[in-house]
Amino acid sequence: MSSYGVGVPASSIDCLAPSDAGDAWTARHFPGCSMSRPSTCGDADLIILGGGCAGLSLAANLADARTSLRVIVVEPRTTYHEDRTWCGWRLVPHAFADCVVASWNRWQVATPAGVIERNSAHYPYEMIRADLFYERAFRAIDRHPAMSFLAGRSAEHLTETANHVEVALSDGSTLSAPWIIDTRPPRRPIERPWLWQTFVGFVVEPDMPAGARFGSVPILMDFQPPDQAVAHFMYILPAGDGRFLCEWTRFSTSPDQLEDIEASLRAWLQEHAGAGWTLHRREQGSLPMALFPADAAGRIVAAGTRGGSLRASTGFAFHAIQRWAASCSASLQATRLPLRPPRNRMLDSMDAIFLEVLHEPSNSAMEVFRRLFEECPPDALVRFLAGMPHSSDLWPIIRSLPWGRFLRAAPSAIRSQMHVRTAPGRYRSLSRRWP
Ligand SMILES: Cc1cc2nc3c(=O)[nH]c(=O)nc-3n(C[C@H](O)[C@H](O)[C@H](O)COP(=O)(O)OP(=O)(O)OC[C@H]3O[C@@H](n4cnc5c(N)ncnc54)[C@H](O)[C@@H]3O)c2cc1C
């Protein structure tokens, strides 16, 4: 067990939580952590709202670079545990290489027509364990003398002036800084979340050597028979030590149905995991497959999911967040100015059309992904799915897609995208607010 308590749900990293003694700023420290009571004006050079993937990634990059900036991270959680694994293709090195617990250069996609296996020598598909990620980030923050982590407090209200932003916290105090990185989950209603990607995952250990689905190659999508326009697939990753992350994922127009999804996952395990299995961990999520409007200019920089780093067509965010965190940290070091997550209009447009196609009441998702994995050169496809395509990658991608459907979907996708770009703040919710 680490001194941070990460990975131990009952314990907490409440070193910076309000103390039992009653003084909200007198915190119990990380060993060696230099938390002091912030002054009321210009408390920091940068305040990061949210100590999740994006917030901690930026903080760790800055701490690694021994930044001279005073940084405060504000986070409502007081306890961190292994709540997820982050997977995706690593296109460029990132700061959390030590937290990678498995990586593969081959992967499969399965449909009733057969199994497609692809490989890439250049771009491994890797798995990062959240508890190791959190611990690594806290260790970096802990070592930095001018970095503070305020646990157990939420940012409630932001007021921007010409030179500063003031953040009102849930405990009634305020902080101010010239720049805010806002990674809080987006709460605004989102227009046309064409679909929700909802999933329940179990880390299981089959009691006996299990069937064909439990091999050494990850299965990114094992499509199940569709029901009513809904695509379902299993995601099966060999996580080492005889364990597998098995997730039942559903693309649908509603973010709910977690109980149904868990029932489907259990039934699948019953069928495929042989004699029995031990459940080690559970995770779940409901990610909007939608385009978020580009961030406005100003001293508040939206990042992470809030800043559009969650790829609408795939749900991948981790590696895009790492790329942003590295370049934002470098920019802060060089100029003291943060960077907004980059938006690629061409990818946004392709995602918009892609999502319109997936929205069609037919079994489109399986057909679209089957064709992509079967027909595209793997490196080009990986760069596209990971959000860093070369211009020469686009033709093989477009060629492998069902043209007729894409042309039919283009006009409404373009209309919705124009709305996303031109009317920030005026979004009607198609289904409901993001919880
Ligand atoms: C179970 C699960 C598995 C996933 N797996 C993958 C994967 O394999 N690969 C991948 O690329 N992506 C994956 N994702 C998607 C995405 O990478 C994650 O959601 C990622 O954590 C997004 O990072 P973030 O910083 O935007 O949000 P978060 O990590 O959710 O961080 C937001 C932080 O803001 C804090 N916060 C909330 N309210 C306030 C407030 N008022 N003030 C201050 N802070 C606040 C939250 O407590 C949280 O710590 C997964 C998502 C989930 C839920």
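Of the 435 residues in this protein, 45% count as buried, where buried is having 20 or more other C-beta atoms within 10 Å of the residue's own, exposed is having 12 or fewer, and partly exposed is in between, with C-beta atoms placed from the backbone. This is a predicted model, in which local features need pLDDT of at least 70, side-chain atom pairs count only at pLDDT 80 or more, and totals for chains, interfaces and linings use all residues. Residues are numbered from 1 along each chain as its sequence is written.

The protein has nine helices and 18 strands; these are DSSP runs numbered from the N terminus, with H or I of at least four residues for helices and E of at least two for strands. Two residues are in contact if their C-beta atoms, placed from the backbone, lie within 7 Å. Among contacts with a separation of 6 or more, 73% are between residues 24 or more positions apart.

Now the core. A nonpolar core is a set of buried Ala, Val, Leu, Ile, Met, Phe, Trp, Tyr and Cys residues joined through C-beta atoms within 7 Å. The largest one has 117 residues, and Ile47 and Ala59 touch the most other members. Domain 1 (14-82 + 129-186 + 294-335) and domain 2 (195-289) both give residues to this core, so it lies between them. The domain bounds come from an automatic or database domain assignment. Leaving out residues up to four places away in sequence, Ala59 touches Ile48, Val71, Val73, Ala137, Ile141 and Met147. In soluble globular proteins, nonpolar side chains tend to be buried together.

Next, the ligand. Which residues come nearest to the ligand? They are Gly50, Gly52, Cys53, Gly285 and Gly304, out of 32 residues around it; a residue is near if its C-beta atom, placed from the backbone, lies within 6 Å. Strand 3 gives the most to this shell, with four residues. Helix 1 (53-64), strand 2 (71-75), strand 3 (85-89), strand 17 (277-289) and helix 4 each supply at least two. Domain 1 and domain 2 each provide at least three residues of the shell. By class, the shell has 15 nonpolar, twelve polar and five charged residues. Here Ala, Val, Leu, Ile, Met, Phe, Trp, Tyr, Cys and Pro count as nonpolar, Asp, Glu, Lys and Arg as charged, and the others, Gly among them, as polar.

Helix 5 has 15 residues and reaches 21 Å from its first C-alpha to its last, close to the 21 Å expected at 1.5 Å a residue. That expected span is 1.5 Å times one less than the number of residues. Eleven of the 15 residues in helix 5 are buried, including Met350, Phe354 and Leu358. Helix 6 (residues 364-375) has twelve residues and spans 16 Å, close to the expected 16 Å. Its buried residues include Met366, Phe369 and Phe373.

Last, some loop residues. Most residues other than glycine have a negative phi. Asp241 has a positive phi of about 55°, and sits in the loop between strand 15 (231-240) and strand 16 (243-252). Is Asp241 buried or exposed? Asp241 is exposed, because it has 8 other C-beta atoms within 10 Å. Arg336 has a positive phi of about 65° and lies in the loop between helix 4 and helix 5. Arg336 counts as partly exposed because it has 14 C-beta neighbours inside 10 Å. Leu337 lies in the loop between helix 4 (318-335) and helix 5 (345-359). Leu337 is exposed, with 11 other C-beta atoms within 10 Å.
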